[in-house]
Amino acid sequence: MADLYAKDWLDTHITTLAAWQQDAFRQFGNMIADPDNTYPCIPGRQGFLTNNLRFGFAADPRTEQAALDAVELLQAYGRCSRETGKFASLVIFFHTPVDMLNSFSVEDYEELFWSVLSGVSAKDEAPWPEHISKDPSHHSWEFCCDGEPYFSFCGTPAHLVRKSRMFPHFLVAFQPRWVFEEINDSTPFGRNMKKRIRQKLEAYDSIPAHPSLKWYGQEDNQEWKQYFLRDDESVPSKCPYTYMKNKLKAVGVLFHK
C-alpha cells in the first residue's frame with residue numbers, strides 16, 4: 001500500500017525513508033522554496049510552505065507497480081484533498097534508477113508519463129465524471145481518477161532548457177480541478193496570478209512560455225498539451241493518452257463532446 005505524506009511529517013521523519021526518497025523530497029524543497037523566491041509556480045510554493053501539499057513515492061515508472069502505487073495515492077488523496085488547504089496538490093516521486101538517468105531523453109520520459117497515466121486509468125474502477133469529456137481533443141477534457149479531475153504536471157531529469165520542468169527524479173504532480181475555482185480567467189485574482197506566474201516563468205526558464213499554456217475551458221485549449229512540455233515548443237500530433245479512447249472503442253461507444 002502506497003503511503004500519503006504531509007510535509008510536516010516528512011520534515012520530522014525523513015531519515016526513516018529510503019535514500020532515494022529522502023533525496024527526492026529534499027531536492028523538491030530546495031527547488032520550490034529556494035531562498036531567492038525564483039520558482040515560478042506561486043500556488044505550489046505557497047502550498048509547500050503552508051503544508052497544503054501531499055507527497056507519495058512510487059516504484060520505477062516502467063513497471064506495473066508504479067501505476068498501482070499512483071492509483072492508490074490518488075484514491076487516498078481524493079478523500080482528503082479538500083481538507084489540506086486551498087493550494088492543494090499531490091506530488092508523486094517515482095524511483096528513477098541510474099540506467100534511466102543515463103539514457104532517457106525528454107521524449108522517452110514523455111512516453112513514460114503518458115504510459116503511467118494510462119496505467120492509472122486501467123486500474124481505476126470509478127466512472128468517468130459526466131461533466132468531463134472523454135475526448136482529450138475537447139476543451140473540457142481533464143485527466144480523472146476515482147471520479148476527480150486533475151491537472152497533471154511532469155518533471156524529468158532530462159529537461160535542460162525548460163528548467164521549470166526539470167527535476168532530478170521522475171516526478172508527476174496532480175492539482176485537483178477545484179483548486180482553480182478562484183484561479184481562472186473570470187476572476188481578477190486569477191488573471192493577476194497568471195500574469196505574475198508568467199513573468200516568473202519566463203525569468204526562470206530564460207525562454208518564452210510554452211504556447212500551449214492556456215486557461216482550462218477555453219475553446220482553443222487542449223489541457224493535455226500542458227501536462228508534459230518538451231524543451232522546445234513542439235507538441236505531439238495527437239494526445240498520447242489512449243486508455244479511455246481504446247476502452248470506449250472496445251465497447252462501441254463514441255466520444256461525447
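Predicted model: local features only at pLDDT ≥ 70, side-chain atom pairs only at ≥ 80, totals over all residues.
**Entry: the charged patch**

Which helix holds Glu-111? I found Glu-111 in H6, which covers residues 106-123. Its relative accessible area is 60%, so I put Glu-111 down as exposed.

**Entry: the sheet**

Next I traced the strands. What is the strand order in the open sheet? I read E1-E2-E3-E6-E5-E4, six strands with mixed pairing. At the edges I have E1 (5-6) and E4 (143-145), each of which pairs on one side only.

E5 takes in residues 148-155, and three bridges tie E4 to E5. Do E4 and E5 run parallel or antiparallel? I noted antiparallel. For a landmark, I wrote down Cys-145, which stands opposite Glu-148 in E5.

Then I checked the loop between E4 and E5, where Asp-146 sits. Asp-146 is not a glycine, yet I read a positive phi for it, near 55°. Its relative accessibility is 32%, so I list Asp-146 as partly exposed.

**Entry: strand E3**

I moved along to E3, residues 89-94. How many of the six residues in E3 are buried? I counted six, so this strand is mostly covered. I also sorted the side chains by direction. Ser-89, Val-91 and Phe-93 point one way, while Leu-90, Ile-92 and Phe-94 point the other way. I found buried residues on both sides of E3.

I looked at how E3 meets E2, which is made of residues 53-58. Six bridges join E2 and E3, and here the strands run parallel. My landmark for this pair is Ala-58, standing opposite Phe-94 in E3.

I turned to H7, residues 188-205, and stopped at Leu-201. Is Leu-201 buried or exposed? Its relative accessible area is 12%, so I wrote buried.

The loop between H7 and H8 (224-227) gave me Ser-206. Ser-206 has a positive phi of about 60° and is not a glycine. I list Ser-206 as exposed because its relative accessible area is 58%.

**Entry: salt bridges**

I finished with the salt bridges. How many salt bridges are there? The count comes to eight. I looked at some of them one by one.

Lys-7 and Asp-11 came up as a pair, with their side chains meeting at 2.7 Å, N to O. Both residues belong to H1 (residues 7-13), and they are four residues apart, about one turn of the helix. Their cover is worth a note. Lys-7 has 16% relative accessibility, so I count Lys-7 as buried. Asp-11 comes out partly exposed because its value is 43%.

Arg-62 and Asp-99 were my next pair, at 2.8 Å, N to O. This bridge links distant parts of the chain, 37 residues apart. Arg-62 lies in the loop between E2 and H4 (64-80), and Asp-99 is in H5 (residues 98-103). I have Arg-62 as partly exposed at 38% relative accessible area. Asp-99 is partly exposed too, at 41%.

I then looked up Glu-223 and Arg-177, whose side chains meet at 3.0 Å, N to O. Where do Glu-223 and Arg-177 lie? I placed Glu-223 in the loop between H7 and H8, and Arg-177 in the loop between E6 (171-176) and H7. This is another link between distant parts of the chain, with the partners 46 residues apart. Glu-223 has a relative accessible area of 3%, so I wrote buried. Arg-177 is at 16%, and I count Arg-177 as buried as well.

One last thing turned up when I checked for shared partners. Asp-60, Arg-62 and Asp-99 are joined by salt bridges into one network.

How values were computed: Residues numbered from 1 in each chain as written. Heavy atoms only, no water. Helix = DSSP H or I, 4+ residues; strand = E, 2+ residues; numbered from the N terminus. Buried < 20%, exposed > 50% of the residue type's maximum accessible area, 1.4 Å probe, protein only. Pairing = 2+ DSSP bridges. Salt bridge = Lys/Arg side-chain N within 4 Å of Asp/Glu carboxyl O.
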